[in-house]
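Have the viewer open as you read.

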Amino acid sequence: MTTTTPFPSPPLRISPWALSSFWSGSAFHWLLLLLILLPADVLKFVGEDRKGTFMGLVVGIGAVMALVLPPLIGTLSDRVGKRLAFLRWGVAINVVGLAVMLFASQALGGLGGFWVYLLGYLFVQAGNNTATSPYSALIPELVPQQDRGRYSGVMGQLQAIGQLVGALLAFGLGQLGLPSAVSYVLIGVVLVGSAAITLRQVPEPPLTPQPGNHARWFLGSVGRAAAVVAVLGGAYLLLAQAVPGFSLWMAFALPVLVVVAVVVAGVLDRRGTLSMTPHPMIGERLMTVFLYQPFLWVFITRMLFSLGQYSVQPFLQYYTGDVLGQKHPGTATSIMLACIIVGSIVSAIVGGRLSDRVGRKPIIYVAGTVMAAAALSLLFAPNFVAALALALAFGLGYGAFVSVDWALGSDAMPSRATYARDMGLWHVAFVAPQLSSAPQGFLLDWGNAYGRTHDFLNMGYFIVFGIAAACFLLGVILVRNIRSVR
């Protein structure tokens, strides 16, 4: 089992701004890529009628990699006793993926170009997850528990600033009529620059590596995971072709599966199967981490919030055009995102510091309720200005949530010896809901088409936004189950 040597006393003093610098660059990266570049490029490749389905497909397939890699990379990081080396290599792979996407978007067209574009996106996912999985362990490893709310708040603030700069940049580039190639280049520059700040100013945590052939273990684990994904993916594609309406059934089945998972966790908790102390074999058996009561509920609640986010986020640009009637959806989306981010900057640092005093849960109760109310209200916004006001309110809730969420997750880690692995596994709760984008995209297209023939305009948006609000509210309710955190 990987072990750690005691940190110096007093604890290492590291600038929270340097520690979270790469989170700012990564937030800039994903905002421009997911909300501005991807929707526009997918539309160019496949056309208006199939935009929702193919956009969901891109995000969903990328999420498979984001689902598999974090715990494996995290475990590898624990085994070799390194964190920052993964950040270096991950950023390099990420930049290669961006270059492939840039080439496909500028030089290719049609479905052939789309598949090259998707390949580049998979490289982006592989690199970003390689970088962020071990990086996620730095706050719980280097920051004392009583300061984690403050550090988490700075992280949330830097993420929001990265997103704000991305939204303003997208707006400016759109107004100037510059090609999307400029955005791809700037994403690479910001990503490398933010990583360089962290790498220069943050020390490598004092970890003791575990002996063994780590490369052989990792390649074998990746191979087994790829085989499972291939079998499940192949079965999904076969069923989608053989069973009429299968994709639609999967979309409607998603909320049911979430409810089932919550009920099962509740039953296990009531029966005493879950424990408030880590399992004796937690360092060797990955799934025993879910027997630790705080981690299981933190994982479930984070997944619910992410599911709400990804039910809407990939289709926000389409919402501004179809529902709000904006003639330039990309520009309108940038303005809306700027409002969300300004709100989140205001609340992020306040929420993190306040959670160190009053506890994590009260902040999440308020933040999640605001997010749910704003998501539902967007469907009834009478005009673009009203939608911007609601976006600002959503941002206030989102910033407070993000600032506290990381501290909450850090507090719920079961073992210091497996920080990177467990943070990587917790990271799955962030990215696994991206898998919902494929069925949600199909559901969006189906709902809108059905609504047009039944006098229910934009029915698809009502469905996916409603699912998002329900997930936010359920996450708020279940946070109370985390007994070790106030």
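**One serine in a helix**

Does S347 count as buried or exposed? S347 counts as buried because its relative accessibility is 11%, with buried meaning under 20% relative accessible area (1.4 Å probe, protein chains only). You'll find S347 in helix 13 (residues 329–358); helices here are DSSP runs of H or I, at least four residues, numbered from the N terminus.

The S347 side chain reaches the backbone oxygen of L396 at 2.7 Å. Leaving out residues up to four places away in sequence, S347 touches G395, L396, G399, A400 and S403, where contact means heavy atoms within 4.5 Å.

**The largest cavity**

Searching the whole structure turns up 2 cavities of 30 Å³ or more. A cavity is a set of points on a 1 Å grid, over the protein atoms alone, where a 1.4 Å probe fits but cannot get out. The largest cavity holds about 1000 Å³ of space, a volume being the space filled by probe spheres set on the points.

Its lining takes in 48 residues, with Q163, Q309, Y310, Q313 and Y398 nearest the centre; lining residues have an atom within 4 Å of a point. Helix 15 (residues 384–411) gives the largest share of that lining, 8 residues.

**Where this comes from**

This is a predicted model: local features need pLDDT of at least 70 and side-chain atom pairs need 80 or more, while totals for chains, interfaces and linings use all residues. Residues are numbered from 1 along each chain as its sequence is written, and side-chain values use heavy atoms, without hydrogens or water.

Conventions
On a 1 Å grid over the protein atoms alone, a cavity is a set of points where a 1.4 Å probe fits but cannot get out, and a pocket is an open set with protein on both sides within 12 Å along at least five of seven lines; lining residues have an atom within 4 Å of a point. Helices (H or I, at least four residues) and strands (E, at least two) are DSSP runs, numbered from the N terminus. Buried means under 20% relative accessible area, exposed over 50%, partly exposed in between (1.4 Å probe, protein chains only). A polar contact is a pair of N or O atoms within 3.5 Å; within protein, one must be able to donate a hydrogen and the other to accept it, and residues adjacent in sequence count only if both atoms are side-chain atoms.
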